[in-house]
Amino acid sequence: MQELLTFTIIGLSTGAIYAVVASGLVVTYTTSGIFNLAHGATGMLAAFTYWQLRFDWNMPAPLALFITLFVLCPLFGILTERFVMRGLQGTSEVVRLSVTVALFAFMIGIANWVWPSDSSREAFTKFFEGNTVSIGGINISWHKLITFGCAILVAIVLRLLLFRTRMGVAMRAVVDDRALTELNGGRPDRVAMFAWALSAMLAGLAGILLAGEQQLNIEPLVLLVINAYAAAIIGRLKNLPMTFAGAAVLGLLDAYYLQFSDKSWFPQSIMGFGISGMRASIPTIVLFIALLARPQSRLRAGVVRIREQNKVPTWSASLMGAVALIAIVVAISGMLTRSNTLLLLNGFTFAIVALSLVPLTGYAGQMSLAPLTFAGLGAIAMSKLPGDGNLLTLIVAVVIVALIGALVALPAIRLSGIYLALSTAAFAVLVTKLIFNQKQTFMSGNIAVPVLDIPFIEINSPRGRLILASAAFSLLGLGVVAIRRSRLGRRLIALKDSPAAAATLGMSLTRTKLAAFAISAGIAACAGALAGDKVSPQQYDFTQSLPIVLLTVVGGVGTVGGALFGGLMLGGNSVLASVVPTLKNVTKILPGTIGVTLGRNPSGAANQIADAFRSLSNRWSLLAFAATGGIVIWILDAQYVISHWAFFISGVFWLLAVTPNLVGILQAPRTRQIIASIYLAIGVIVAISIDWDNAVDSTGKRLIALVLLIALFGVGAQRLTENAPRVHRASPDVIGLTTAFTDEELDHAERELGVVL
Amino acid sequence: MTNPILELRNIRASYGSIEVLHGVNLSIGRGEVVALLGPNGAGKSTMIKVVSGLLRPTSGQLIVGGRDVTGAAASALARAGLCTIPEGRGIFPNLTVRENLLMATFSGHKLSDIEERTYSRFPRLSERRTQLAGTMSGGEQQMLSLARALATNPVILLLDELSMGLAPLIVAELYQQVAAIAAEGVSVLVVEQFARTVLGVADQAVLLAHGKVQVSGKASEIGEDVLAGAYLGS
Amino acid sequence: MSLLEVRGVMVRFGGVMAVGGVDLDVQAGEVTGLIGPNGAGKTTLFNVISGMQEPTAGSVHVSGVEVTHEAPHRRARRGLARTFQRLELFSSLTVRDNVRVAAELAALTNVDETVDNLLEKVGVSELAEQTAGDLPTGSARLVEIARALATGPRLLLLDEPASGLDEAESDRLGVLLRELTADGLGVLLVEHDMSLVMHVCDRIFVLDLGFIIANGTPSEIQHDPKVLHAYLGAPS
């Protein structure tokens, strides 16, 4: 009895932390409609910041807490809302989720960079470490009491805020009716900003409390959010009391599991499967059940949708692309070092995984956060099936994983949007914990996947595997093109564009979604099955799936080219890190940074640049000019005329600031052409001629300078060459005063007066 | 009438690719009550959205008090004295009556003043101040939305389909309140499907159909035959 | 036996009664109009008939078979097709592919021929290769009709097909509707363009505050004082 009470208290204190995190998640979701996957990462970053102030710089705890929770967290929340989330109104759910994934990746990158895990650091101690209090014969640490107190305080403060202050009432009002709030004179943007600040504070508080219990590790802190998801989903993403109750239940389940798993009668394995990963899976299982208990999402007409501009790929272009890709890989693979070959091979493996998202997310509009999980299952199937890697084994492995994909999707496809995405995430975490981390699955940490046995061709070198991977990507890419051009492809697009219309025309949405999931799982399985080497479970971890999803969305999830871009970016990122070691840390935040820009420009900054590149694609002279410039910069570097840093900065500048502007310059009037050309030329000269290695003394400053250069010259040249209509926006504060002339009136007056420009 | 308080000049507006207003001109003088009539789908609610700042017109100008405010945010217009009671119920259903009135304080008035004026005008609401607004009857909900107009002393009042789904007796009671607001010198633009209901209150009437102004003139001069033709075809 | 029989259909959203017990029939070979003021419940009734909204009470029969609880795609296979008030084209597909998806779903043998004929019939052949999302409203509405027809329906539900159409287009729509019914199709038409409704309908139902307050021929409806009252309201 005593023991049960002890574990109840432990459970409730864990639940208290979950409750604090989950309430922050609910606050932002209800006020801005964005489900923040990066919420746990915010808490993680806050915990690290607090550690830095408190334990590394030895600030007094109250001061460190004040700075972290009441200055930096709100500031972070406000900046996130203003510069990332605000641009997301009216964008598709896929883009919104991807942006929070990007934020997630960005923050993990920052933490890895600033606080590398190998450094031996001061311990993160509990509040009042060592102090306990005895209640009813049970010793409870002060830290746990404080955690309790915080949860209760948060509940009271939130209650008072939401029901007693105008800001809080306005937050609820925005949920009820955003337009009416504006008509009342409230500013939903300000409300959202406040909500994000509050949410970041709650995440920070939870992160600090949890770090005291579990030490400072990135992963558990970030995945804390899974527990929060489960609690928030129990509260249906809007009901705070229910969310708190859900959090308490989760905490208790965890504690009781801990208690009972020590008993002799508790099974150590079920049907040969060890259940050591079970405890960590509890929140995920609860999340899964809570999601499945949600009612079927209703079929609605009139939902705002974002249109893809992708044309139907033609056979001739696709075939040419496929052949060219293989030819290029064959040609350059002979010149690569072994380690670079492996990196590029990695890139192609990622590209195949990314390709699996094209039919599912790109065509059918269904978000999945688990593509790598299916690749992992493919690898396991390939290694466990008999046949030692012959073609039939591959086919059987792919079919098995495709069936698993459909089976997993079956209960989940009643859901849509974030609920579907979360259920795929829950699935990925479950598979990671219960299957990938099994001793039986991965003997001594990794398994050997046999090399594909193709008649008459022997593949035994990394180069051979690289060519095989590029050929596999090309073939699968052609398969995806075939799907897009088929009856099924049209149905997938119809499903995304208007489920209501598709259903009323006689389409079974369930069957179409199942097909999409099965195909996607099958393609991803190929990536694993073709690994042809020893693989470790960490490679297929859930958190590794997120950058793939992100970069594919950035690259353009609706096209095979976008998948290639996404995969190679991820692979190329590590190439970059190995070529220019000083950039190692930069590569950690690069994917996240690129993804976050999706928020500034919902169609994607990458999309915008891609648009510019696309308009280049049939202008051979400009293309040749751009390529020549790139080669010149490369030669300068290869001949040691400029440093690696100058090469990197001028190269990126050329790619992102100059090249996308070429078409605009070509089409601008003569004077603008000259001005813009000179302007950009100055930019290039600046980028090349600065002594980056010595004059600028840190990596961070160099990168800031790079961003400024691109903003100043690239965006400047764009403004110079475009002729966007001027937007007239009057302030109504001066109602009743004299009228300002409008542009039309000025134009009219000028015409009347005979002024000719 | 040399200086209209609200003027629409050649306003065009669309939802996505669907253009709903094809160049509307309208002018309201200070203290005037203008009824905007017309059948379903004529573009009346769209016009209210444009005037209140919720929908940005694709072209044309919106002029308030002689000043071009095309493209200004709805919240800024609201703070400047433009009070809009939107279609349906202009209330927050999951807030209490009192919290609904708290939202009206963005206009710069104190909550206590707003409450006092509201409860003196609608005693029934004072009994329900802690009740969720969404659980009240349709008539009470509409009183609550009108209370914002009564208590915040706006310059211009926009009313969209006050009567939708309400019994005729309640509608008549609500329009008495509208007349009282107008008597205080507030300019009112009122959208109504039910022409007969509103023509007693209005000075001017504008008949909108197919996104264009078809007829406009003194409210008393618009005949039933014109209306019946516009609504049911002739 | 009517093509469509709606009996006692009632829909409540929380405490609000959107449709209060509606009986309505559509006959094969006729255009039946459904009109009423804003908020009368027309679109909700459409959603009930097409399976997008479960009614609180009542039943829907198509050709004598009860479909009240069937999924939308099953009803489509029974010959029910609809268009949407706010356009629901597959905006990233071409016009031709929009219609083709529907024809393929109906498992027709001569898909291409059917698609060509339908595009011709509604008069958008020259737009066939355009992306549907780029169409002006008038053409988009016609494409939606062609798409609905590609499933080979016996009953077509049209939700404000003339809104956004100019006068010439709306006249053409009237002619098209007459042609279609001459082939035996039944049409239920929700429309605010009264001249179209009065010209093209064989019978009209008037919905007000969730109840059918009148039904009859166009001229009966035009002269029904109850209808005028519903549209113009009581004097204050």
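Guide: Helices are DSSP runs of H or I with at least four residues, strands are runs of E with at least two, and both are numbered from the N terminus. This is a predicted model, in which local features need pLDDT of at least 70 and side-chain atom pairs count only at pLDDT 80 or more, while totals for chains, interfaces and linings use all residues. Residues are numbered from 1 along each chain as its sequence is written, chains are lettered from A and ligands numbered from 1 in the order in which they are written, and side-chain values use heavy atoms, with hydrogens and water left out.

Visitor: Where is B:His109 found?
Guide: B:His109 sits in the loop of chain B between helix H3 (97–103) and helix H4 (111–121).

Visitor: What does B:His109 touch?
Guide: Leaving aside residues up to four places away in sequence, B:His109 touches B:Ile114, B:Arg117, B:Ala151, B:Thr152 and B:Asn153; contact means heavy atoms within 4.5 Å. B:Thr152 is 43 residues from B:His109 along the chain, yet their C-alpha atoms are separated by 6.4 Å.

Visitor: And which side chain is in polar contact with that of B:His109?
Guide: The side chain of B:Ser107, at 3.3 Å. A polar contact is a pair of N or O atoms within 3.5 Å; within protein, one must be able to donate a hydrogen and the other to accept it, and residues adjacent in sequence count only if both atoms are side-chain atoms.

Visitor: Changing topic, how much area do chain A and chain C bury between them?
Guide: About 2,600 Å², 56% of it on carbon and sulfur atoms. Buried area is the accessible area (1.4 Å probe) that two parts lose on being put together, summed over both.

Visitor: How many residues are in contact there?
Guide: 27 residues of chain A are in contact with 29 residues of chain C.

Visitor: Which side chains meet in a salt bridge?
Guide: Those of A:Arg490 and C:Glu104, at 2.5 Å from N to O.

Technical notes. A salt bridge is a side-chain nitrogen of Lys or Arg within 4 Å of a carboxyl oxygen of Asp or Glu.
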